[in-house]
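Reader: Walk me through this one, please. Keep it brisk, and start with how you name the pieces.

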Amino acid sequence: MGPYYPPVWAMVFTNPKLPLSVDIGSGSGRFLMLLAKRNSGSSNFLGLDVRHKLVERSNAWAEQLQLKNMHFITANATIALDSLLATYPGKLTFVSILCPDPQFKTRHYKRRIVQRPLVNAIMKYLAVGGKIFLESDVEEVVLDMKRHFKEHLGDSLVLVKKHESTSIEEKEWYPENPTGVPTEREVAVLGRGLPMFRLLYERV
């Protein structure tokens with residue numbers, strides 16, 4: 001996908017100055033819809049996904065539910081996020097990247113969602129106190145996402161204190177979904193008794 005041109009935010013959200021939460025790889029959009037319903041009037045929610053049919057369906061559902069604080073856009077976040085956030089009149093306070101395509105083959109790693117340009121865009125606009133929530137049922141995928149954010153740890157990012165070691169290697173994982181809204185994938189994985197690997201960062 002080429003360069004992306006942002007929407008007119010006042011036509012997308014009732015109050016475009018509210019704090020913004022962005023879900024990258026929003027899929028069916030159900031996770032974001034529940035968050036939008038629970039935070040109506042206090043936050044706006046933006047879902048980004050490359051699958052246009054899913055985005056169209058999600059926006060139709062949002063319209064049916066009369067959720068005026070939620071919108072979905074067909075976009076490659078790596079390319080589009082910087083230009084989208086540059087024009088948003090409110091603060092970016094939350095970013096989630098949940099169960100992205102693992103792209104297991106080494107030659108496909110470059111297709112993974114979390115790459116340096118995406119991290120740079122997030123860190124450029126995330127407000128102090130803002131959170132980044134990363135999650136997958138594939139440990140290596142979360143470790144790879146962590147690797148891309150590592151250069152910002154200490155100076156700009158910290159792990160939220162609730163992290164705890166759950167392995168011999170002393171890897172630290174956040175013990176629960178901080179939003180209180182599980183994704184469909186998370187429900188399925190936990191239902192099989194398998195672990196989810198989570199990281200929650202805070203901008204300092």
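Author: A strand here is a DSSP run of E with at least two residues, and the numbering starts from the N terminus. One caution before we go on: this is a predicted model.

Reader: Fine. Where does Asn44 sit?

Author: Asn44 is in strand β2.

Reader: Is Asn44 buried or exposed?

Author: Buried. The cut-off for that is under 20% relative accessible area, and Asn44 counts as buried because its relative accessibility is 1%.

Reader: What does the side chain of Asn44 make a polar contact with?

Author: The side chain of Tyr88, at 2.9 Å. A polar atom of the Asn44 side chain also lies 2.8 Å from the backbone oxygen of Asn15.

Reader: And which residues does Asn44 touch?

Author: Leaving out residues up to four places away in sequence, the list includes Phe13, Pro16, Leu18, Pro19 and Asn69. Asn15 and Tyr88 are among them too.

Reader: Tyr88 again. Which aromatic cluster does Tyr88 form part of?

Author: One made by Trp9, Phe13 and Tyr88.

Reader: How many aromatic pairs does the structure hold?

Author: Five.

Reader: Switching to Arg198. Where is Arg198, and is Arg198 buried or exposed?

Author: Arg198 lies in strand β9, residues 197–203. Arg198 is buried, because its relative accessible area is 6%.

Reader: What do the side-chain atoms of Arg198 reach?

Author: The backbone oxygen of Pro175, at 3.3 Å. There is also a polar contact of 2.8 Å between the side chains of Arg198 and Glu186.

Reader: Which residues does Arg198 touch, sequence neighbours aside?

Author: Not counting residues up to four places away, they include Phe133, Leu134, Glu135, His163, Trp173 and Leu190. Pro175 and Glu186 are also among them.

Reader: Now helix α2. Which residues of α2 are buried?

Author: α2 covers residues 30–38, and its buried residues are Phe31, Leu32, Met33, Leu35 and Ala36.

Reader: Which elements give two or more residues to the lining?

Author: β1, α2, β2, α4 (77–87) and α7 (184–191). The largest share, three residues, comes from α2.

Reader: What classes of residue are in the lining of the largest pocket?

Author: 13 nonpolar, eight polar and nine charged.

Reader: What volume has the second largest pocket?

Author: About 160 Å³. Among the residues lining the second largest pocket are Met11, Val12, Asn59, Glu63, Met70 and His71.

Reader: Which element gives the largest share of that lining?

Author: α3, with three residues. By class, the lining of the second largest pocket has five nonpolar, two polar and two charged residues.

Reader: Last one. Where does Leu65 lie?

Author: In the loop between α3 (52–64) and β3 (70–74). Leu65 counts as partly exposed because its relative accessibility is 44%. The C-alpha atoms of Leu65 and Lys37 are 9.0 Å apart, and the two residues are 28 residues apart along the chain.

Technical notes: Residues numbered from 1 in each chain as written. Predicted model: local features only at pLDDT ≥ 70, side-chain atom pairs only at ≥ 80, totals over all residues. Heavy atoms only, no water. Helix = DSSP H or I, 4+ residues; strand = E, 2+ residues; numbered from the N terminus. Buried < 20%, exposed > 50% of the residue type's maximum accessible area, 1.4 Å probe, protein only. Phe/Tyr/Trp six-rings, centres within 6.5 Å; stacked < 30°, edge-to-face > 60°. Polar contact = N/O pair within 3.5 Å; in protein donor to acceptor, adjacent residues only side chain to side chain. Contact = heavy atoms within 4.5 Å. Nonpolar A, V, L, I, M, F, W, Y, C, P; charged D, E, K, R; others polar. 1 Å grid on protein atoms, 1.4 Å probe; cavity = no way out; pocket = protein on both sides within 12 Å on 5 of 7 lines; lining within 4 Å. Points joined across faces, edges and corners; volume = space filled by probe spheres on them.
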